Amino acid sequence: MKRINSLLLVLVLFLSLFLIGCNESKSESIALNSDEVKISVGDNYQLSLNVKNENVTWSSSDEKVASVSEGKVIGVSKGNALITAMNDEGKKAVCQVTVIGAAVESVKLNKHNIELKKNESEEISARVTPEDASGDLVWESSNEKVVKVDSRGTVSGIKKGKAIVVCTSSNGKSDSCTVVVRGNKKHKKSSSSNSSYKEYDNKLLKDTPLYCRASDYATLRASASRSAEEIDIVLSGESVVYLSSTTEFYHVIYQGKKGYVLKDYFTTDPDAPLNYGDR
(Lines give C-alpha, C1' and ligand atoms only; values in the text may rest on other atoms or scores of the structure.)
Protein backbone atom coordinates (compact mmCIF):
# COMPACT_ATOMS: atom_id res chain seq x y z
CA MET A 1 0.00 0.00 0.00
CA LYS A 2 2.82 2.40 0.86
CA ARG A 3 4.49 1.51 -2.43
CA ILE A 4 1.33 2.37 -4.38
CA ASN A 5 1.01 5.70 -2.57
CA SER A 6 4.63 6.52 -3.40
CA LEU A 7 4.05 5.74 -7.06
CA LEU A 8 0.95 7.92 -7.10
CA LEU A 9 2.92 10.79 -5.51
CA VAL A 10 5.66 10.55 -8.15
CA LEU A 11 3.03 10.51 -10.90
CA VAL A 12 1.31 13.60 -9.47
CA LEU A 13 4.63 15.46 -9.26
CA PHE A 14 5.48 14.52 -12.86
CA LEU A 15 2.12 15.71 -14.16
CA SER A 16 2.45 18.95 -12.20
CA LEU A 17 5.87 19.67 -13.71
CA PHE A 18 4.56 18.84 -17.18
CA LEU A 19 1.59 21.21 -16.83
CA ILE A 20 3.83 23.99 -15.48
CA GLY A 21 6.11 23.60 -18.49
CA CYS A 22 3.16 23.78 -20.85
CA ASN A 23 1.85 26.92 -19.17
CA GLU A 24 5.27 28.55 -19.31
CA SER A 25 5.52 27.79 -23.02
CA LYS A 26 2.01 29.04 -23.65
CA SER A 27 2.64 32.27 -21.72
CA GLU A 28 5.65 33.26 -23.86
CA SER A 29 5.70 37.04 -24.35
CA ILE A 30 4.81 38.50 -27.75
CA ALA A 31 6.68 41.19 -29.64
CA LEU A 32 6.27 43.19 -32.85
CA ASN A 33 8.77 43.60 -35.67
CA SER A 34 8.95 47.36 -34.94
CA ASP A 35 8.59 49.41 -31.74
CA GLU A 36 8.43 52.74 -33.58
CA VAL A 37 7.18 53.56 -37.08
CA LYS A 38 7.03 56.81 -39.04
CA ILE A 39 4.71 56.99 -42.07
CA SER A 40 3.06 59.67 -44.19
CA VAL A 41 -0.68 60.28 -44.50
CA GLY A 42 -2.02 57.67 -46.91
CA ASP A 43 0.99 55.38 -46.56
CA ASN A 44 0.91 52.05 -44.75
CA TYR A 45 3.20 49.76 -42.78
CA GLN A 46 2.80 46.05 -42.02
CA LEU A 47 3.39 45.00 -38.41
CA SER A 48 4.03 41.35 -37.59
CA LEU A 49 4.42 39.23 -34.45
CA ASN A 50 7.38 37.14 -33.32
CA VAL A 51 4.99 34.22 -32.65
CA LYS A 52 3.20 32.47 -35.50
CA ASN A 53 -0.41 31.24 -35.39
CA GLU A 54 -1.17 33.53 -32.46
CA ASN A 55 -4.76 34.72 -32.09
CA VAL A 56 -4.31 38.48 -31.76
CA THR A 57 -6.59 41.49 -31.47
CA TRP A 58 -5.26 44.71 -33.03
CA SER A 59 -6.25 48.19 -31.86
CA SER A 60 -5.25 51.85 -32.30
CA SER A 61 -5.26 54.46 -29.55
CA ASP A 62 -6.45 57.04 -32.10
CA GLU A 63 -8.21 55.84 -35.25
CA LYS A 64 -8.26 59.45 -36.54
CA VAL A 65 -4.46 59.37 -36.74
CA ALA A 66 -3.70 55.74 -37.63
CA SER A 67 -5.93 52.74 -38.28
CA VAL A 68 -4.92 49.09 -38.10
CA SER A 69 -6.30 45.83 -39.48
CA GLU A 70 -4.50 42.47 -39.26
CA GLY A 71 -1.34 44.39 -38.43
CA LYS A 72 -1.52 46.72 -41.44
CA VAL A 73 -1.22 50.30 -40.19
CA ILE A 74 -2.51 53.18 -42.37
CA GLY A 75 -1.68 56.83 -41.77
CA VAL A 76 -4.91 58.87 -41.57
CA SER A 77 -3.78 62.31 -40.38
CA LYS A 78 -0.81 64.01 -38.71
CA GLY A 79 -0.21 62.94 -35.13
CA ASN A 80 0.80 60.02 -32.90
CA ALA A 81 -0.97 56.78 -32.05
CA LEU A 82 -0.20 53.56 -30.19
CA ILE A 83 -0.90 50.35 -32.07
CA THR A 84 -1.50 47.40 -29.71
CA ALA A 85 -1.52 43.66 -30.42
CA MET A 86 -3.08 41.52 -27.60
CA ASN A 87 -3.38 37.74 -27.51
CA ASP A 88 -6.00 35.60 -25.75
CA GLU A 89 -3.97 35.58 -22.52
CA GLY A 90 -3.86 39.35 -22.36
CA LYS A 91 -0.21 39.58 -23.38
CA LYS A 92 0.44 42.84 -25.28
CA ALA A 93 2.93 44.30 -27.73
CA VAL A 94 2.87 47.99 -28.61
CA CYS A 95 4.19 50.11 -31.49
CA GLN A 96 4.44 53.91 -31.45
CA VAL A 97 3.25 55.28 -34.83
CA THR A 98 4.01 58.83 -35.96
CA VAL A 99 2.10 60.12 -38.97
CA ILE A 100 4.06 62.98 -40.51
CA GLY A 101 1.65 64.39 -43.08
CA ALA A 102 0.69 63.88 -46.70
CA ALA A 103 2.99 62.03 -49.07
CA VAL A 104 4.73 64.08 -51.76
CA GLU A 105 2.86 63.87 -55.07
CA SER A 106 5.25 65.97 -57.16
CA VAL A 107 8.48 67.99 -56.99
CA LYS A 108 8.88 71.07 -59.20
CA LEU A 109 12.07 73.10 -59.57
CA ASN A 110 11.97 76.82 -60.38
CA LYS A 111 14.81 76.41 -62.93
CA HIS A 112 15.51 73.68 -65.47
CA ASN A 113 18.51 75.13 -67.32
CA ILE A 114 21.35 77.09 -65.73
CA GLU A 115 24.58 78.44 -67.17
CA LEU A 116 27.43 79.13 -64.74
CA LYS A 117 31.04 80.15 -64.88
CA LYS A 118 33.70 78.23 -62.98
CA ASN A 119 33.46 79.01 -59.22
CA GLU A 120 30.08 80.72 -59.74
CA SER A 121 27.01 79.61 -57.74
CA GLU A 122 23.26 79.84 -58.10
CA GLU A 123 20.36 78.63 -55.99
CA ILE A 124 17.56 76.36 -57.20
CA SER A 125 14.35 76.14 -55.18
CA ALA A 126 11.98 73.19 -55.07
CA ARG A 127 8.21 73.22 -54.51
CA VAL A 128 6.36 70.08 -53.44
CA THR A 129 2.67 69.30 -53.76
CA PRO A 130 0.55 69.10 -51.77
CA GLU A 131 1.92 72.01 -49.75
CA ASP A 132 1.50 70.15 -46.43
CA ALA A 133 3.49 67.15 -47.67
CA SER A 134 6.23 65.91 -45.36
CA GLY A 135 9.60 64.33 -45.97
CA ASP A 136 13.17 65.31 -46.78
CA LEU A 137 14.44 66.39 -50.19
CA VAL A 138 17.76 65.04 -51.45
CA TRP A 139 19.86 66.99 -53.98
CA GLU A 140 22.33 65.16 -56.24
CA SER A 141 24.61 66.04 -59.16
CA SER A 142 25.24 63.59 -62.00
CA ASN A 143 28.85 64.78 -62.16
CA GLU A 144 30.33 66.37 -59.03
CA LYS A 145 33.59 67.04 -60.86
CA VAL A 146 31.65 69.57 -62.97
CA VAL A 147 28.80 70.74 -60.70
CA LYS A 148 28.29 70.40 -56.96
CA VAL A 149 25.00 70.94 -55.14
CA ASP A 150 24.39 71.30 -51.41
CA SER A 151 21.41 70.26 -49.26
CA ARG A 152 19.69 73.62 -49.88
CA GLY A 153 19.83 73.43 -53.69
CA THR A 154 22.76 75.78 -54.23
CA VAL A 155 24.70 74.65 -57.32
CA SER A 156 28.36 75.57 -57.90
CA GLY A 157 30.38 75.35 -61.09
CA ILE A 158 33.62 73.39 -60.64
CA LYS A 159 34.95 73.06 -64.17
CA LYS A 160 33.77 73.34 -67.76
CA GLY A 161 31.14 70.76 -68.68
CA LYS A 162 27.55 69.72 -68.08
CA ALA A 163 25.74 67.95 -65.24
CA ILE A 164 22.17 67.14 -64.27
CA VAL A 165 21.08 68.23 -60.80
CA VAL A 166 18.20 66.15 -59.43
CA CYS A 167 15.99 66.88 -56.41
CA THR A 168 14.23 63.78 -55.04
CA SER A 169 11.64 63.38 -52.27
CA SER A 170 11.75 60.57 -49.72
CA ASN A 171 9.07 58.68 -51.68
CA GLY A 172 10.88 58.95 -55.03
CA LYS A 173 9.26 61.99 -56.70
CA SER A 174 11.80 64.16 -58.52
CA ASP A 175 12.61 66.98 -60.93
CA SER A 176 15.89 67.97 -62.58
CA CYS A 177 17.89 70.93 -63.87
CA THR A 178 20.60 70.90 -66.54
CA VAL A 179 23.63 72.93 -65.46
CA VAL A 180 26.31 73.99 -67.94
CA VAL A 181 29.61 75.36 -66.67
CA ARG A 182 31.47 77.64 -69.09
CA GLY A 183 35.11 78.55 -69.06
CA ASN A 184 35.91 81.97 -67.57
CA LYS A 185 37.86 83.08 -70.63
CA LYS A 186 35.98 85.49 -72.88
CA HIS A 187 36.31 84.86 -76.61
CA LYS A 188 35.95 87.18 -79.52
CA LYS A 189 33.72 86.16 -82.38
CA SER A 190 35.57 84.27 -85.05
CA SER A 191 35.94 85.56 -88.56
CA SER A 192 33.14 85.04 -91.06
CA SER A 193 35.16 82.30 -92.75
CA ASN A 194 34.54 79.89 -89.87
CA SER A 195 31.48 81.39 -88.15
CA SER A 196 29.04 79.18 -90.05
CA TYR A 197 28.95 75.62 -91.32
CA LYS A 198 25.93 75.95 -93.61
CA GLU A 199 28.10 74.99 -96.56
CA TYR A 200 27.72 71.35 -95.41
CA ASP A 201 23.94 71.45 -95.69
CA ASN A 202 23.71 70.28 -99.32
CA LYS A 203 25.88 67.22 -98.55
CA LEU A 204 23.87 65.86 -95.63
CA LEU A 205 22.01 62.59 -95.64
CA LYS A 206 19.57 61.40 -92.98
CA ASP A 207 21.32 59.84 -89.94
CA THR A 208 24.57 61.70 -90.67
CA PRO A 209 26.39 62.60 -87.43
CA LEU A 210 26.94 66.31 -86.84
CA TYR A 211 29.44 67.68 -84.33
CA CYS A 212 28.87 70.68 -82.11
CA ARG A 213 31.60 73.27 -82.71
CA ALA A 214 30.22 76.00 -80.47
CA SER A 215 32.76 77.45 -78.06
CA ASP A 216 30.96 75.92 -75.05
CA TYR A 217 27.58 74.52 -76.05
CA ALA A 218 24.61 74.87 -78.39
CA THR A 219 20.94 74.77 -77.43
CA LEU A 220 18.54 72.02 -78.50
CA ARG A 221 15.12 73.63 -78.98
CA ALA A 222 11.57 72.28 -79.29
CA SER A 223 10.98 73.98 -82.66
CA ALA A 224 12.87 75.84 -85.38
CA SER A 225 12.89 79.20 -83.61
CA ARG A 226 15.51 81.02 -81.55
CA SER A 227 12.85 81.73 -78.91
CA ALA A 228 11.52 78.15 -78.74
CA GLU A 229 11.60 76.15 -75.51
CA GLU A 230 14.99 74.74 -74.57
CA ILE A 231 14.99 70.93 -74.44
CA ASP A 232 18.65 70.33 -73.65
CA ILE A 233 22.18 71.61 -74.20
CA VAL A 234 24.73 70.01 -76.54
CA LEU A 235 28.29 70.51 -75.36
CA SER A 236 31.08 71.45 -77.73
CA GLY A 237 32.46 68.27 -79.30
CA GLU A 238 29.30 66.21 -78.73
CA SER A 239 27.42 64.81 -81.70
CA VAL A 240 23.81 64.75 -82.87
CA VAL A 241 22.09 62.76 -85.61
CA TYR A 242 20.81 64.72 -88.61
CA LEU A 243 17.17 64.28 -89.68
CA SER A 244 16.30 67.27 -91.87
CA SER A 245 16.86 71.00 -92.40
CA THR A 246 15.07 74.32 -92.30
CA THR A 247 16.51 77.62 -93.44
CA GLU A 248 18.31 78.26 -90.14
CA PHE A 249 18.06 75.02 -88.15
CA TYR A 250 18.90 71.35 -88.34
CA HIS A 251 16.27 68.89 -87.08
CA VAL A 252 18.29 66.35 -85.09
CA ILE A 253 18.27 63.64 -82.43
CA TYR A 254 20.39 64.15 -79.32
CA GLN A 255 20.53 61.43 -76.65
CA GLY A 256 17.14 60.10 -77.75
CA LYS A 257 15.50 63.55 -77.86
CA LYS A 258 14.37 65.19 -81.10
CA GLY A 259 14.85 68.92 -81.45
CA TYR A 260 16.33 71.77 -83.47
CA VAL A 261 19.82 73.27 -83.39
CA LEU A 262 21.26 76.28 -85.20
CA LYS A 263 23.18 75.28 -88.31
CA ASP A 264 25.95 77.75 -87.46
CA TYR A 265 27.32 75.45 -84.74
CA PHE A 266 27.20 71.98 -86.32
CA THR A 267 29.34 70.33 -88.96
CA THR A 268 30.31 66.91 -90.22
CA ASP A 269 33.93 67.74 -89.38
CA PRO A 270 34.67 67.05 -85.67
CA ASP A 271 37.87 69.11 -85.93
CA ALA A 272 36.36 72.21 -87.54
CA PRO A 273 37.21 75.61 -85.96
CA LEU A 274 35.06 76.66 -83.01
CA ASN A 275 32.31 79.22 -83.49
CA TYR A 276 32.10 81.85 -80.72
CA GLY A 277 28.93 83.50 -81.99
CA ASP A 278 25.56 83.99 -80.29
CA ARG A 279 23.92 80.63 -79.70
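1. Strand β13 (residues 147-149) pairs with β14 in the antiparallel sense over three bridges, where strands are DSSP runs of E with at least two residues, numbered from the N terminus, and two strands pair if DSSP finds at least two bridges between them. Within this pairing K148 stands opposite S156 in β14. The hairpin formed by β13 and β14 has four residues between its strands, and G153 there takes a positive phi near 90°.

2. The model is predicted, so that local features need pLDDT of at least 70 and side-chain atom pairs count only at pLDDT 80 or more, while totals for chains, interfaces and linings use all residues. Residues are numbered from 1 along each chain as its sequence is written, and side-chain values use heavy atoms, with hydrogens and water left out.

3. Strand β14 (residues 154-157) is also joined to strand β10 (residues 121-123), again through three bridges and with the two strands running antiparallel. In this case E123 is the residue that stands opposite T154 of β14.

4. Which residues is I124 in contact with, leaving aside its neighbours within four places in sequence? Its contacts (heavy atoms within 4.5 Å) are L109, N110, K111, I114, W139, R152, G153, V155, V165 and C177.

5. A separate point concerns an open sheet of three strands, which has the order β2-β5-β4 and antiparallel pairing. Because β2 (44-46) and β4 (66-69) stand at the edges with a single partner strand each, one side of each is left without a neighbour in the sheet. Neighbouring strands of this sheet are turned by 20° against each other on average, direction ignored, with axes taken as lines fitted to C-alpha atoms. Four bridges join β4 to strand β5 (residues 72-75), the two running antiparallel, and the bridge partner of A66 in β5 is G75.

6. For the protein as a whole, the secondary structure comes to one helix (a DSSP run of H or I with at least four residues) and 23 strands. Buried residues (under 20% relative accessible area, with a 1.4 Å probe and protein chains only) make up 36% of the 279 residues. Of the contacts with a separation of 6 or more, 57% are between residues 24 or more positions apart.

How values were computed. Buried means under 20% relative accessible area, exposed over 50%, partly exposed in between (1.4 Å probe, protein chains only). Axes are lines fitted to C-alpha atoms, for helices over the stretch in contact, and angles run from 0 to 180 degrees between N-to-C directions.
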